[in-house]
Amino acid sequence: MAQPKLIIGSKNYSSWSLRGWLIAKMAGLDFVEETVALDNPAHRAEVLLLSPSILVPALIHDGIKIWDPLAIGEYLNEIAPDVAMLPKDPAVRAHCRAVCCEIHAGFHRLRTTCPMNIRGRALPGYDPYVIAWQDIERISTIWNDCLAGSGGPFLFGELTMADAMYAPVVLRFLTYNIKLDAVCSGYCQRILAMPTMVEWMDAAMNEDEEELEFESEF
Ligand SMILES: N[C@@H](CCC(=O)N[C@@H](CS)C(=O)NCC(=O)O)C(=O)O
């Protein structure tokens, strides 16, 4: 079998790539990365060859193409069930899937006012809260509910797909200096201390690609 390959975009800006990458790491998959420049239209044809959605991330495993982190997570959960990408208990697993889908489909106010930019740091006084407060408060409620239910350290106790799905939010809260309650900021510290997150952030810091649309003065 050819070595599995994960197609990703910029590590500094591509939040969806981070989700797929963390999920593949959690599954213990020994994969190679292929980075495509998303902001270069000439590359779209190349991306299409690798990802039918023309979006990243996409995983090529055993000749099968899987795109979108949720689908990648469900696929890896099936082929590596002992990794427990999802909680074993059916009720807890349903809760985990619900919060994964909520971040997958929602929080557009936070996404637009706080685009992922790991190298970036908001200027004092930048306040996305005005627009994104509903998303920030809903995410804080999700994290508090999950951590109260599981006792931590991660949303459902051990690491699950939900932590990968919310990891870019942790980075956004860091970049834009979002004030959080003690439970949420403690959770952020635990995510930022994960060796995989440290590896990804280091790579992002050393990336020289700059996507101007995400570099506006903030
Ligand atoms: N939920 C989708 C969203 C993926 C997505 O929007 N990825 C961005 C990178 S963060 C992308 O590929 N953008 C390329 C484009 O918009 O042409 C997925 O996970 O597959």
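Analyst: Here is a walk through the sheet, then the loop, and then the ligand.

A word on the ground rules: this is a predicted model, in which local features need pLDDT of at least 70 and side-chain atom pairs count only at pLDDT 80 or more, while totals for chains, interfaces and linings use all residues. Residues are numbered from 1 along each chain as its sequence is written, and side-chain values use heavy atoms, with hydrogens and water left out.

Let us begin with the sheet. It is open and has four strands in the order β2-β1-β3-β4, with mixed pairing. Strands here are DSSP runs of E with at least two residues, helices are runs of H or I with at least four, and both are numbered from the N terminus. Two strands pair if DSSP finds at least two bridges between them. At the edges sit β2 (32-35) and β4 (64-67), each of which pairs on one side only. On average, neighbouring strands of the sheet are turned by 20° against each other, direction ignored; for such angles, axes are lines fitted to C-alpha atoms (for helices over the stretch in contact), and angles run from 0 to 180 degrees between N-to-C directions.

Strand β3 covers residues 58-61 and runs antiparallel to β4, with four bridges joining the two. You can follow the partners along this pair: Ala58 has Trp67 as its bridge partner in β4, Ile60 has Lys65, and His61 stands opposite Ile64. Together β3 and β4 make a hairpin with two residues between them, and Asp62 in that turn has a positive phi of about 55°. Strand β3 also pairs with β1 (residues 5-8), again in the antiparallel sense, over three bridges.

Now step back to the loop between α2 (44-50) and β3, where Pro57 is found. The peptide bond from Val56 to Pro57 is cis, with omega near 5°. Ile54 lies in that loop too, and has a positive phi of about 55° although it is not a glycine. As background, most residues other than glycine have a negative phi, and most peptide bonds are trans.

Val56 brings us to the ligand. Around the ligand are Ser14, Ser15, Trp16, Leu38, Arg44, Leu55, Val56, Asp68, Pro69 and His104; a residue counts as near if one of its heavy atoms lies within 4 Å. By class, this shell has five nonpolar, three polar and two charged residues. In that count, Ala, Val, Leu, Ile, Met, Phe, Trp, Tyr, Cys and Pro are nonpolar, Asp, Glu, Lys and Arg are charged, and the others, Gly among them, are polar.

A polar backbone atom of Val56 is 2.9 Å from an oxygen atom of the ligand. For Asp68, a polar side-chain atom lies 3.2 Å from a ligand nitrogen atom, and for His104 a polar side-chain atom lies 3.5 Å from a nitrogen atom of the ligand. A polar contact is a pair of N or O atoms within 3.5 Å; within protein, one must be able to donate a hydrogen and the other to accept it, and residues adjacent in sequence count only if both atoms are side-chain atoms. Taken alone, the ligand exposes 510 Å², and the protein buries 74% of that. Accessible areas come from the Shrake-Rupley method with a 1.4 Å probe, and for residues only the protein chains shown count as cover.
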